[in-house]
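Work through the exercises below with the sequence and the model side by side. Try each task before reading its solution.

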Amino acid sequence: MTFQTPKSDEPNQPAKFSPPRVGPRHIARKRLIERLREAQHCALTVVTGSAGFGKTILLVQWRQELMKNGAEVAWLALAADDRHRAVFCHDLRGALARLGIAPQDMPAFEGADADADEAWPVEPVAAAIIALAQRVAKDIYLFIDDYHHVDDPWAHELMRKLVTHSPANLHIVIASRTTPPLSLSRLRVYGQLAEAGFEDLPFSVDETQAFFEQNLPTIKLTAHELQLIQEVTRGWPASLQLIAIMLRNRPATRGQLPVFLRRSGDLQNYLAEDVIAQVPAEMIAFLEMLAPLRRFNAALAAHVTARTQAADLLKRAEEEFLLIQRVETEDRTPWYRFHPLLGEFLGSRLAARGGGIVQTLHRRASAWFASQQMLVAAVRHAKLTGDLGLAVRTVESAMPPDWRFSAVGAMVQLLDHLPEDMLVEHPRLSFLGCLTYALTARPAQAQRWLDQLRRTDAARLPGMEVQLALAEATIAMQRDDGRHVTRLLERPQESWPSNRTLKYVYVGALVTAFAHVGRIREALRLHDEHAVQSDDQGSEIALMFEATLPATYLKQGQVRETARLGEALLEQAETTYGRHSVCAGLCAAMLGDAYYELDRIAEARDVLANRTSLLRASWPDVMVQASLVHARLDRLDQGPAAALAFLQRQAAHLQALGLPRPAAFMLGEAVKILLGDGDHIRAQGVMTQLDALATASEGTADPASADETRAIAALSRARLALVNCNASEALNALQQARAFALAAGRERLLVRVNLLAAAAYEDIEQTPAARQCLVDALNTGAALGLVRTFIDDGEPVTRRFATLRNTAALSPQAAALLDTLLKPGDAAHTPPPARAGKQDAQALAREGVNLTPREREILLLISQAMSNKRIALTLNIAVGTTKWNVRNILTKLGVSSRYDAMTWAREHGFIK
């Protein structure tokens, strides 16, 4: 047989040597390209991943960049025929020819037996290619796509020789569905290998968003939808393409994304035909038996499947077929998982076998996890067998002495299906069940269990008193009763729980209660005195305890510090316990609030995306934080109507939970939105509801919650009074809110109070007092990191900000904040709006008309034939506020139209 150069007119040759075209709808893989760029001088680059992960597109994009930089690049796309040695050599020679390696210099083997290794010596072929490559005076790159088609040992040996002895200018780039047997470990050690693998290829959230923006230009997916898609698909490009096709052809199915992905016939066919088509039947049968497991290692796989060779099969599945992905753990034994969609596919194939095999596998898995004291997984699999007795026995056998909070999820699943009398017979489980219900926002069930437990002999066991107190305190926290928590838990430290996990719960509850009742310094000191021990760093309950520190700062309003601490905690929580873990949810709610306040709107939207549980069932403060930011984002994205509808639903939900203070936050926000939109009548109606909550809070068990509810109502009453031009009433209401803010350490509330007070003082022409309030607000707000408070609450005095420039009383931070606030439309360079002077006010007074300074300004602008929108822009106020003031002016003047108001103003000497 003789090597021959492929003729350009042979079938399929252009496809073999030409990469597919990258259209404008393909996403630039900038992150991965940068990684490859940094390692572009390596002898070998290997991109491995299953079908549909974008290996080819990544190589095409990198090829384009290399060619722009002057490198010589050849492309070779292999096919099933290339498993034959002669075909592979034929195609390889054609690709090398395109790099300037002359085909006539290649050795020929006349009459050689294509199946005899001795007739095809590797060394001369490799030596010839290397020698020819050295003659090329530039970097040359050989891209080989779909290398998994090669199964000939001779071909692998040739490629090993080339990458091991290649000259500095020769670089080989391989994409494959399996890990090529090319002595990668040795190349890795010598720094001559660049890799992008199964864990690198999926799209990030940003890339997923960019993909849909380019492929669905007429449909804008929300942050919630994007996050849901990312969680279901894990960024698998092939599945994203299927979603795009579905949404393009059937937009009405937008709300059924998870069902579509898991049941789509197209996706099932793709998995069967492209992903596992080349995998041996023995391997597929083995992997199907692992489908019920969320994660697995060799020991678990051997126990569940009864395959003694499980370790070898897992190694092949990972290295050769790339069907499983490693899970990052501190365990020396590697753990693996399936891609969620592949796991669903294999699970459906397993279920089709019938015969109770799924239940059998769950039973085996439960027993193994219980033997390892891995409570969460043991209970999950026991419950899935349908045997509740087994589930209880599993909990008792698997529960470690140092109980971990991660058991809560498993306990909730179990408790929902167990009769109460079954657990009363097990006091340790009864206490855990009570605490579980309390920690998962179900205080009524927790209270019922606690009452029942107290009636048993178990309540008199040593150490049970403090545990029952902790359970009751946790229930009180869910009921927003911080004072009761402090009464229960403020006891000598030697009486605190000895169990380390329960101790973190205990101290965390006390820190939260101190912050709630306004004992901020004590909360910070307590947290500092009980720092997490090194052995507990990273545990879920320790992360939750650490989260009480940024939560306390957020109570004060220190959003900059909240963001700094919360970001690290959220990353750790999501990495270790998942995006929907309890600790991740707590951190996300805080960060959403902090990000919004810092005017990092996109980050606030992303961190709260697809976390609806934070709105419905969580700690009271978590629901408040997440709900307020949700409403404010709705207002920015969809308008005030959407925000008001959400706030109305959320207020009703929180009242149904028996949480008047959180409900008051929702109503207060609704009042602010309605007044900003000029809907005074509806605002008054919501104010009536808010006043009713404030009145009902008097004499309740927790004075701190009652005081804050009344402060929220007072702040809203002040807003309403300002719109009604009643500055004195506004100042009286603000004094009540100010008193609470000072007593409880709520500095962000104090900033809001000062902003509204400045507007009130301006309305009664007390300019020095108004100026001092603005200076105080800026100094305090800048120290805290506030931005949106000044945008959302400072509207009535926005035009006054420019007059504070170069004020000596402002701190450097405040001066910088002022510059930020003035950047969008610097009022310092905008001519001041026309103002009504003293003579105009006297003219009004002679006619018995009592217009406020703001109304006089607006009347003057009306007389200049300005529209409501133009007036709003001129005075830096909302259009709705302008409309409301115009209605007030018409009423006070006794006229029915803007034209009549202009006429009245001229006739009575208000304007010339």
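This is a predicted model: local features need pLDDT of at least 70, side-chain atom pairs count only at pLDDT 80 or more; totals for chains, interfaces and linings use all residues.

Residues are numbered from 1 along each chain as its sequence is written, and side-chain values use heavy atoms, with hydrogens and water left out.

**Exercise 1.** Describe the protein as a whole.

Solution. Begin with secondary structure, where the protein has 47 helices and 7 strands; these are DSSP runs numbered from the N terminus, with helices (H or I) of at least four residues and strands (E) of at least two. Next take burial: of the 912 residues, 56% count as buried, a word that stands for under 20% relative accessible area, while exposed stands for over 50% and partly exposed for the range in between (1.4 Å probe, protein chains only). Finally, turn to contacts, meaning heavy atoms within 4.5 Å: among those with a separation of 6 or more, 70% come from residues 24 or more positions apart.

**Exercise 2.** Which kind of pair do the rings of Trp335 and Trp368 form?

Solution. A pair of aromatic rings is described by the distance of the centres and the angle of the planes. Rings of Phe, Tyr and Trp (its six-membered ring) pair if their centres lie within 6.5 Å, and planes under 30 degrees apart count as stacked, over 60 as edge-to-face and the rest as tilted. The structure holds 14 such pairs. In one of them, the rings of Phe211 and Phe212 have centres 5.3 Å apart and planes at 80 degrees, so this pair is edge-to-face. For Trp335 and Trp368 the centres are 6.1 Å apart and the planes at 65 degrees, so that pair is edge-to-face. The pair links distant parts of the chain, with Trp335 in strand β7 (residues 335–337) and Trp368 in helix α17, 33 residues apart. Both Trp335 and Trp368 are buried.

**Exercise 3.** What sits over the ring of Trp335?

Solution. The test asks for NZ of Lys or CZ of Arg within 6 Å of the ring centre and within 35 degrees of the ring normal. The charged end of Arg295 sits over the ring of Trp335, 4.4 Å from its centre.
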